[in-house]
Amino acid sequence: VTLDELRAGFQRCRYVCGDEVVLPVHIALVLGRPLLVEGGPGVGKTEVAKALSQVLNLELVRLQCYQGLDDAKALYEWNYQKQILAMQVAPGEEAWRSDVFSEEFLLERPLLKAIRKADSCLLLVDEVDRADEEFEAFLLEVLSDFQVSVPELGTIKAKAPPVIVLTSNSTRQLSDALRRRCIYLFIDYPGPDRQREILLAKVPGISRRLADQVVLTLEGIRKELDLRKAPSTSECLDWAETLVRLGLDDLADPRVSQTLGAILKHRDDLRHLEAIPGIASKVCMR
Amino acid sequence: VIGLVLSMAEDMRRSGVQVSQGEILDAFEALSRIAPGDRATLYLILKATLVKNWRDFDVFESSFKMATRPLPQPSTAREPETRDVIFRGTRITLDPRERKALAMLPRETRSSLLGVVERAERLPSGGNLLPAVRLFLRDSLNKVAEGTLGSKTQEPPKGVYYKDLMSLEGDEMERAEEAVAVLARHLARAVSRRSFRGPGRAGLDFRSTFRRSLRYGGVPLELSPKRDRRRVHRVVLLCDVSGSMDRYSGFTVALMHGMARCLKGLKVFVFSEDMTPVPGHLFSARPGSTLSRLSSASLGWGQGTNLKGALEKLLKEYPESLSRRDTVMLLSDGKCLDLPGAARALQEVSSRVGRVVWLNPVPKEYWAYFKGVDVRSCCQMHECSTLNHLESVAKALFVP
């Protein structure tokens, strides 16, 4: 895929971004390296992977990481019940001869599925920072050699190396070993112009005027107010969509205050904003 | 381009960012396969391949600016300077490389270099200054010749992450505060981490497995893993706000603020001559306004340090905060009154709690120059003079 095709592909998928996103993605594809995407929550990290899978027309295999995730959940697991039943059903000595550690009893989890697929796919390792360090170390083999080791079956090498995208919210520092194996992409909150473009592309039916108001208001809220959680791009989209669906075309409308739950997710933040009368229009005017 | 990448990697390494050979090779490969048509594309390619952490972006940007800045034009009036330098009637012979370096220097730099020689000439002629002047001149010109027209004689600027907290200036403090907020979250997670090994890793719960197997005629078809107990460690943060810690007040507040925002049960105390708990509502604003609120709350900022008194008060008045489940984090430079008394009190606190973590914002090389609390028997003192140190502490304390 050329850089221009990638740009056009992202545009087609309505993922609005500039070269600061497209170029690292292109480098990762050209070098055959995993892409590590970092950034605050809701800036569109997972969306990069989704859009890329559409652009490249690859199946998306997703592995959602969490604390306590281990290789049994991520890589493979033996179908224990099936093994027990096979041993019980087989008569006498035959039960012990039959190999219950064979392909037949293997349960594929996302990593193994991605590695063994005949056609390439896009493997999304989402929120890798939430997984434990042991799991991160386990991932290194997959990321560098596109292979995994199953003790009973040996090393399984990828038939068609998957495109790998890892995302992280930086709740924990990832190891340097993992970072070095990847091409790095940091997605920041978009500026007002890009935010406006995103709104116009993603929210059908939004007027240019409302988009401007939403963008300016959110800019003001992020800068002026001390919130526990500042509204992200995805929350901005949610809010805009809410406003459009409710038929509100002006933020000066008093009903707007009832929609603030779309951008503020903490009770303290809501109180803080509600305490200032007409904040939306005030910030907007500023 | 090869020279540019190598010089940038060298600059970044000198600033503290680890750029590996693999990353340099990645940059070369990317550049060979994607022709960088303009400066912006070159910037993005190098950024994606050489930097693997957002915190190092400022170092990368200054290195990129330095490496791609236009070369200064050679001076037009170079004729007189290409000759050898005369010092008190003796000719200091320069080799062609040194002459070229002298000729290529910008006018101001050349004047300042020769000015040093002139000033040395005006000194009283007590000793023989010629060898020293010759050495200075040749050393300077060699440094110029090795680099690109004097650029290498400058130290590459350090990123906020690698700068001594004391030397942060201007908008760096604001950026550092933002970084501390993220690091405080990592630190909070490291010290309060639950002991959780994941389902199944704690072994098999035989009682439950046997019970479940009854419904399958005694065949253990459903295995029941033992559930690991989750233990949340509470954290007590004790910050020194005495006069000697004034210069770190921004960092102290940013750390308190960052940790208070992500640890619900965090108890924060500040101490100087007396120890005072910090009410939680003071942390609801931005770090900047928290600092002014804390200052106006007359919590003893800028006074002397009585660590012993603070720890004794903690033991006496807040015993419920000190259990085996708790971690006490102490942020102080260790300069205090009654050092043996403070060490004893710290020992007592250490025996009551799970662990004591001491963060010292003074660079380690200065620790030997002043007497501090002897902490060897009760806790480990971590250097915390840069944000990079703070991150290392968070990593070191993170016990899986």
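Predicted model: local features only at pLDDT ≥ 70, side-chain atom pairs only at ≥ 80, totals over all residues.

Chain B, then. It has 14 helices and eight strands. There are 400 residues in chain B, and 48% of them count as buried. Now take the contacts in chain B with a separation of 6 or more. Of those, 71% are between residues 24 or more positions apart.

On to the sheet in chain B. Six strands make an open sheet, and the pairing is mixed. Read the order across as β5-β4-β3-β6-β7-β8. Which strands stand at the edges? In chain B, β5, residues 275-277, and β8, residues 380-383. Each has a single partner strand, so one side of each is left without a neighbour in the sheet. Neighbouring strands of this sheet are turned by 25° against each other on average, ignoring direction.

Let's look at β3 of chain B, residues 234-240. Buried or exposed, for the most part? Six of its seven residues are buried, so the strand is largely enclosed by the rest of the structure.

Now its partners. With β6 of chain B, residues 326-331, β3(B) pairs in the parallel sense, over six bridges. Find B:Val236: its bridge partner in β6(B) is B:Val328. With β4 of chain B, residues 267-271, β3(B) also runs parallel, and five bridges join them. There, B:Asp240 has B:Phe271 as its bridge partner in β4(B). How does the chain get from β3(B) to β4(B)? Through helix α10 of chain B, residues 249-262, in a right-handed β-α-β crossover. That helix, α10(B), lies across β3, β4, β6 and β7 of chain B, and runs at about 165° to β3(B).

Over to chain A. Here five strands form an open sheet, and the pairing is parallel. The order is β2-β5-β8-β1-β9. At the edges of this sheet are β2 and β9 of chain A. Again, each has a single partner strand, so one side of each lacks a neighbour in the sheet. The twist averages 20° from one strand to the next.

Inside that sheet, look at β1, residues 35-39, and β8, residues 163-168, of chain A. They run parallel and are joined by four bridges. A:Leu36 stands opposite A:Leu166 in β8(A).

Which helices lie across these strands? One of them is α2(A), which lies across β1, β8 and β9 of chain A at about 160° to β9(A). Another is α8(A), which lies across β2, β5 and β8 of chain A at about 155° to β8(A).

Start with A:Thr233, in helix α12 of chain A, residues 233-245. A:Thr233 is buried, because its relative accessible area is 6% and the cut-off is under 20%. What does A:Thr233 touch, beyond four places in sequence? Its contacts there are A:Gly42, A:Val43, A:Tyr189, A:Pro190, A:Gln195, A:Ile198 and A:Arg222.

Next, two positive phi values outside glycine. A:Asn57 has phi near 60°. A:Asn57 is in the loop between α3 and β2 of chain A, and is exposed, with a relative accessible area of 70%. A:Phe146 has phi near 50°. A:Phe146 lies in the loop between α8 and β6 of chain A. A:Phe146 counts as buried, at 13% relative accessibility.

One more: A:Gln67, in the loop between β2 and α4 of chain A. A:Gln67 is partly exposed, at 25% relative accessible area. From A:Gln67 to A:Ala131 is 64 residues in sequence, yet 4.7 Å in space, C-alpha to C-alpha.

Last stop: where the chains meet.

Methods: Residues numbered from 1 in each chain as written. Chains lettered and ligands numbered in written order. Heavy atoms only, no water. Buried < 20%, exposed > 50% of the residue type's maximum accessible area, 1.4 Å probe, protein only. Pairing = 2+ DSSP bridges. Right-handed = clockwise from strand over helix to strand, strands pointing away. Contact = heavy atoms within 4.5 Å. Axes fitted to C-alpha atoms, helices over the stretch in contact; angles between N-to-C directions.
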